[in-house]
Amino acid sequence: MNIIVLAKHAPDPESEINVASDGKSVDERGLVFDINDWDRYAIEEAIRIKEEKGGEVVVVGVGSKCEDTLRKCLAMGADRAIKIPVDTSLDAYQTAEVIKEAIKDEKFDLILAGMMSQDLNNAQVGVLLAAMLDLPFATAVSAISSIDDNSLTVARELEGGYNEEVTLPIPCLITVQSGINEPRYVSIMGIKRAKTKEMKEVDVKPTISTLEVEKMYLPPVKKAELIEGDPSEIAEKLIEILKDRGLV
Amino acid sequence: MFKGIDFYNVDDLLSSEERLVRNSVREFLEKEIEPLIIDAWHEEKPLDFKEIGKKFGQLGMLGAFIPEEYGCPGANYVTFGIICQEVERVDSALRSFVAVTSGLVMYPIWQYGSEEQKQKYLPKLASGEIIGCYGLTEPNHGSDPGSMEATAKRDGDEWILNGTKTWITEADIADIAIVWARDVDDGKIKGFIVEKGTKGFTQHAITKKGSMRAGGVGELGLVNCRVSEENRLPNAVGLRAPLSCLDQARYGISWGAIGAAMDCFETALNYTKERKQFGAPLASYQLVQEKLVKMLIEITKGQLLCWRLGKLMDEGKATPEQISLAKKNNVRVARYCARTARELLGANGISLDYSPIRHMANIESVYTYEGTDDIHTLILGRAITGIQAFRRELIVK
């Protein structure tokens with residue numbers, strides 16, 4: 001089974017986040033970049049399928065600095081990588097569009113992506129790509145229950161702790177939820193092996209822009225409130241706050 | 001994930017593979033090992049290196065610079081240094097384990113062992129399947145190993161070993177020990193691989209330590225302990241052999257110490273930016289900034305020393321004196337940063353909830369082992385003057 005995995009080189013949301021001086025972007029100096037957490041599960045899932053069924057795993061990254069993440073995927077066990085050195089930033093349409101162009105000559109049975117990225121939380125690239133390629137897709141996949149030559153059966157995570165089982169014809173695209181597996185750590189032996197694996201740069205440009213950032217800002221700091229008074233007054237005030245916020 | 005301190009873009013001097021090694025080791029340690037440290041240290045219940053060793057082995061963290069044919073990663077010395085830096089950022093006991101396994105147990109087998117010994121032990125040590133320790137220091141001879149009292153006496157195809165080795169990292173849990181002893185017949189120091197359970201070989205832990213409490217250290221006893229000639233390291237003759245192993249471990253320490261210093265700096269920087277006194281963050285006061293800046297400067301210089309020494313090691317050009325300089329300097333940096341960070345954290349600085357006090361206590365061991373700070377001064381003093389100042393005639397009037 002030939003699998004394409006989308007892996008984003010994304011900033012850790014726990015890094016130091018500051019708005020840049022243009023007021024429209026994030027100052028990258030405080031950011032720590034690594035593979036997007038959801039994509040880590042996607043690449044692990046792809047490698048496990050390959051280990052069981054054979055085939056090839058090709059990892060695709062978008063962005064001028066995505067090489068470290070692609071190399072990490074190769075070190076984990078992907079066979080080759082495609083780097084698209086264009087910074088599409090916040091525009092998910094552009095990201096999907098350049099991926100579609102870059103993989104047009106690839107033969108694949110399945111595209112795997114993380115459900116969303118840890119920095120932007122759009123959850124759009126996977127589904128946009130599926131639409132552009134006219135592929136059936138399933139999102140928020142929490143388990144792959146069976147795979148054969150013609151179809152794939154997966155569990156999707158729904159709200160409220162429910163799951164839905166769906167069967168998709170192959171080829172198809174799925175976006176995976178975190179926790180679908182336990183991703184392996186990258187070994188030094190794997191890193192050495194990755195050195196000789198192919199990393200191809202495909203220079204494609206997006207054709208349209210679908211998004212313009214007007215302003216970037218940090219949310220106002222929420223302050224804690226100390227409720228004073230005797231216990232009955234405190235209880236009354238507490239109930240009022242909970243009702244106000246629709247919590248009871 | 002920890003961003004790292006890189007004021008002089010030292011990262012640019014590393015290859016993308018080396019950076020990837022650092023990130024993957026860092027990620028693994030942050031998720032799997034860091035959460036275990038405080039309790040292990042507080043209760044002086046050493047980490048379970050039998051289990052941790054296997055995980056380190058899977059990642060290729062043991063014997064990183066030894067060739068692949070022996071089940072090792074076959075990486076370079078810079079990579080070994082990076083591993084040491086990352087593990088010591090978490091706790092010095094982890095770096096002790098990595099540096100002892102790689103530099104003091106695997107290295108002598110690789111350099112001085114027979115092909116059979118290499119095939120038999122190196123893959124198992126690399127995978128963490130077995131743990132090794134290194135018996136050089138004795139109760140009466142620390143800085144002066146040349147005066148060692150442990151003896152080896154040839155008896156047919158066997159050697160009879162007698163003596164005591166102390167302050168041995170992982171002594172109590174080791175499956176094999178590299179033991180150094182003087183051949184009573186030719187007076188030369190020779191190395192032996194002694195396996196756990198050998199008759200006459202005992203292993204004990206030393207407890208009630210005020211340092212390195214998350215790791216194990218202990219004593220080895222040899223009483224008419226018989227090992228076969230096959231277990232002698234055939235190519236190790238004389239004191240130079242054990243000293244060359246120390247060079248490997250000292251190199252690892254020079255990177256590791258900067259790891260501990262970086263963690264202390266990061267902790268102090270974050271703390272002083274958050275903590276307010278007299279209505280403003282501590283970091284806004286000149287006295288505090290001066291301390292932070294001094295730490296940053298020392299760490300940055302230490303990072304450059306590590307990198308350059310790593311390159312010299314990879315080119316096979318590093319001298320023992322260059323290694324001494326890096327070990328001495330960088331451990332001093334760690335000692336200074338740990339104490340300064342502890343100070344900047346005020347009363348919270350004495351709590352194990354913050355790392356500096358733990359690093360501060362650990363670094364006292366590092367300052368002393370693998371050549372005390374003073375011994376490295378004498379190594380450097382001899383190098384620049386040509387006059388040795390280790391040993392002198394004591395004139396008693």
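Guide: The discussion below begins with conventions and then turns to contacts, helices and backbone geometry.

Guide: This is a predicted model, in which local features need pLDDT of at least 70, side-chain atom pairs count only at pLDDT 80 or more, and totals for chains, interfaces and linings use all residues. Residues are numbered from 1 along each chain as its sequence is written, chains are lettered from A and ligands numbered from 1 in the order in which they are written, and side-chain values use heavy atoms, with hydrogens and water left out.

Visitor: What is the area buried between chain A and chain B?

Guide: Interface size is often given as the accessible area lost when the parts come together. Buried area is the accessible area (1.4 Å probe) that two parts lose on being put together, summed over both. Here it is about 2,000 Å², with carbon and sulfur atoms giving 57%. On the side of chain A, the most area is lost by A:Tyr185, A:Ile188 and A:Ile191, together 35% of what that side buries. Counting contact as heavy atoms within 4.5 Å, chain A contributes 20 residues and chain B 25 residues.

Visitor: How are helix 1 and helix 2 of chain B oriented to each other?

Guide: Helices are DSSP runs (H or I, at least four residues), numbered from the N terminus. Axes are lines fitted to C-alpha atoms over the stretch in contact, and angles run from 0 to 180 degrees between N-to-C directions. The axes of helix 1 (residues 16-43) and helix 2 (residues 49-59) of chain B come within 12 Å and cross at roughly 170 degrees. Angles over 145 degrees count as roughly antiparallel, and helix 1 and helix 2 of chain B are therefore roughly antiparallel. Among the residues that meet are B:Phe28 and B:Leu29 in helix 1, and B:Ile52 and B:Phe56 in helix 2.

Visitor: Which residues does a cis peptide bond join, and which residue has a positive phi although it is not a glycine?

Guide: Most residues other than glycine have a negative phi, and most peptide bonds are trans. A:Ile170 and A:Pro171 are joined by a cis peptide bond, with omega about 5 degrees. B:Asn9 has a positive phi of about 50 degrees and lies in the segment before helix 1 of chain B.

Technical notes
Helix = DSSP H or I, 4+ residues; strand = E, 2+ residues; numbered from the N terminus. Parallel < 35°, antiparallel > 145°, perpendicular 65-115°, else oblique.
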